[in-house]
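Please keep the sequence and the 3D view open while reading.

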Amino acid sequence: MVMTATVVNGSGNIVNPLLKTSPVRVGVNDAGQESQKQPNPMTVSVFELFKIGIGPSSSHTVGPMKAARLFLENAKEQGYFEQGQSLNVELFGSLALTGIGHGTDKAVLMGLEGKYPEYVDPLSVNPRCEEIQNDSILNLLGLKKIPFDIEEHLKFLKEETLPHHSNGMRFSLFDTNGYLLFQQVFYSVGGGFILEESEMQQDQVQTINPLPYPFKNASDLLEHCENHHWTIAQLISENEKSWQNENEIQHGLQNIWNVMRQCIQEGLESEEIFLPGGLLVRRRAKGLYLELEKEREQGTGESMDWVSLYAIA
């Protein structure tokens with residue numbers, strides 16, 4: 001399934017996307033909304049817009065998985081990981097209210113075990129989460145096992161929100177005596193982007209490498225294209241080269257397209273009645289595909305119907 005601009009890997013194959021991304025920070029104000037004061041908002045790499053990960057929602061799965069892993073990596077970097085003997089996760093706002101149906105709990109567990117959204121095998125997620133549920137053991141970053149009771153240590157605080165955004169998470173690591181060693185708050189701000197609490201207070205975009213052809217709106221973009229006799233794709237390609245070389249760009253784009261095709265094909269062929277997630281949403285792609293095949297044989301049907309079908313698949 002493809003949600004917003006996130007490429008969601010619905011197959012059982014591990015993919016190898018381009019991991020390099022643009023050095024960008026999305027500005028968010030205290031209301032949890034993107035800032036309108038950004039001096040140059042069009043500085044996001046195509047590989048930030050199109051992310052590969054488990055579905056169904058980049059805000060509820062990709063972001064939380066990244067945050068969970070990053071929390072433990074930060075704890076390890078600061079010398080707290082080895083002392084940690086227990087861990088609590090608290091989900092707030094939208095993550096708490098709709099997290100079960102969107103698989104946020106499973107994404108967090110996979111992140112704590114060191115999985116990346118880009119690489120995790122979707123077919124392995126449910127079996128591994130069932131093992132954690134049954135054994136009450138979590139393997140932190142794949143390096144250290146600790147007791148972890150999902151009902152006790154993974155809380156959905158449906159009546160509470162954190163100040164900067166509705167998709168808030170708080171991770172806490174404790175020693176053997178229950179003393180708090182390390183704690184961080186993260187926000188999943190959309191599209192798989194995550195920000196730590198201190199970053200949410202910075203109301204501007206920060207970039208390391210200035211783009212050769214910056215633009216703030218469509219008029220700027222088209223003016224660059226006209227001046228250089230380029231298509232939009234060519235100009236964006238030149239900007240991408242500020243962050244990675246051409247071979248890496250082509251490899252990354254091919255990976256995204258391969259995953260898209262895998263997802264479409266699986267959606268067209270799936271025999272399952274419902275989409276995963278427990279919300280009992282019926283799959284529609286296969287039935288629509290069979291209908292469009294009949295229309296094509298009869299010489300009827302619209303090309304846009306196929307585009308819609310692929311999006312649904």
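Strand 4 is largely enclosed by the rest of the structure, because six of its seven residues are buried. Buried stands for under 20% relative accessible area, exposed for over 50%, and partly exposed for what falls in between, with a 1.4 Å probe and protein chains only. Strands here are DSSP runs of E with at least two residues, helices are runs of H or I with at least four, and both are numbered from the N terminus.

The model is a predicted one, in which local features need pLDDT of at least 70 and side-chain atom pairs count only at pLDDT 80 or more, while totals for chains, interfaces and linings use all residues. Residues are numbered from 1 along each chain as its sequence is written, and side-chain values use heavy atoms, with hydrogens and water left out.

**The sheet around strand 4**

Strand 4 covers residues 86-92 and belongs to an open sheet of five strands, ordered 7-4-8-9-10 with mixed pairing. Strand 7 (154-157) and strand 10 (193-196) are the edges; each has a single partner strand, so one side of each is left without a neighbour in the sheet. From one strand to the next, the twist averages 25°. Two strands are said to pair if DSSP finds at least two bridges between them.

Strands of a sheet pair through backbone hydrogen bonds, in either a parallel or an antiparallel sense. With strand 7, strand 4 pairs in the parallel sense over four bridges. Across this pairing, Leu91 stands opposite Phe156, and Glu90 stands opposite Lys155. With strand 8, strand 4 pairs in the antiparallel sense over six bridges; there, Val89 has Phe171 as its bridge partner.

Helix 2 (residues 58-77) packs on this sheet and touches strand 4, strand 8 (168-174), strand 9 (180-190) and strand 10. A contact requires heavy atoms within 4.5 Å. The direction of helix 2 makes about 150° with that of strand 9. Such angles run from 0 to 180 degrees between N-to-C directions, with axes fitted to C-alpha atoms, for helices over the stretch in contact.

**The chain as a whole**

The chain holds twelve helices and ten strands. Of its 313 residues, 43% count as buried. Among contacts between residues at least 6 apart in sequence, 68% join residues at least 24 apart. The accessible surface comes to about 16,600 Å², and 50% of this belongs to carbon and sulfur atoms; the areas come from the Shrake-Rupley method with a 1.4 Å probe.

**Two loop residues with positive phi**

Most residues other than glycine have a negative phi. Ser136, which is not a glycine, has a positive phi of about 55°. Ser136 is found in the loop between helix 5 (122-135) and strand 5 (137-140) and is partly exposed, with a relative accessible area of 25%. Leu141 has a positive phi near 50°. Leu141 lies in the loop between strand 5 and strand 6 (144-147), and at 15% relative accessibility it counts as buried.

**Salt bridges**

Side chains of opposite charge can pair when their charged atoms come close. The structure holds ten salt bridges, each a side-chain nitrogen of Lys or Arg within 4 Å of a carboxyl oxygen of Asp or Glu. Three of them are listed here.

| Lys51 | Glu48 | 3.0 Å |

Lys51 and Glu48 are both buried. Glu271 is exposed at a relative accessible area of 64%, whereas Lys286 is partly exposed at 26%. Arg296 and Glu293 both lie in helix 11, three residues apart, about one turn of the helix. Glu293 is partly exposed, with a relative accessible area of 22%. Salt bridges that share partners also join Glu113, Arg128 and Glu131 into one network.

**A nonpolar patch**

Which residues make the nonpolar surface patch of about 290 Å²? The patch is made by Ile273, Phe274 and Leu280. Patch residues have over 30% relative accessible area and no salt bridge; nonpolar side chains (Val, Leu, Ile, Met, Phe, Trp, Tyr) are joined within 5 Å, and like charges within 9 Å. Leu280 sits in the loop between helix 10 (246-269) and helix 11 (285-297), and it counts as exposed at 60% relative accessibility.
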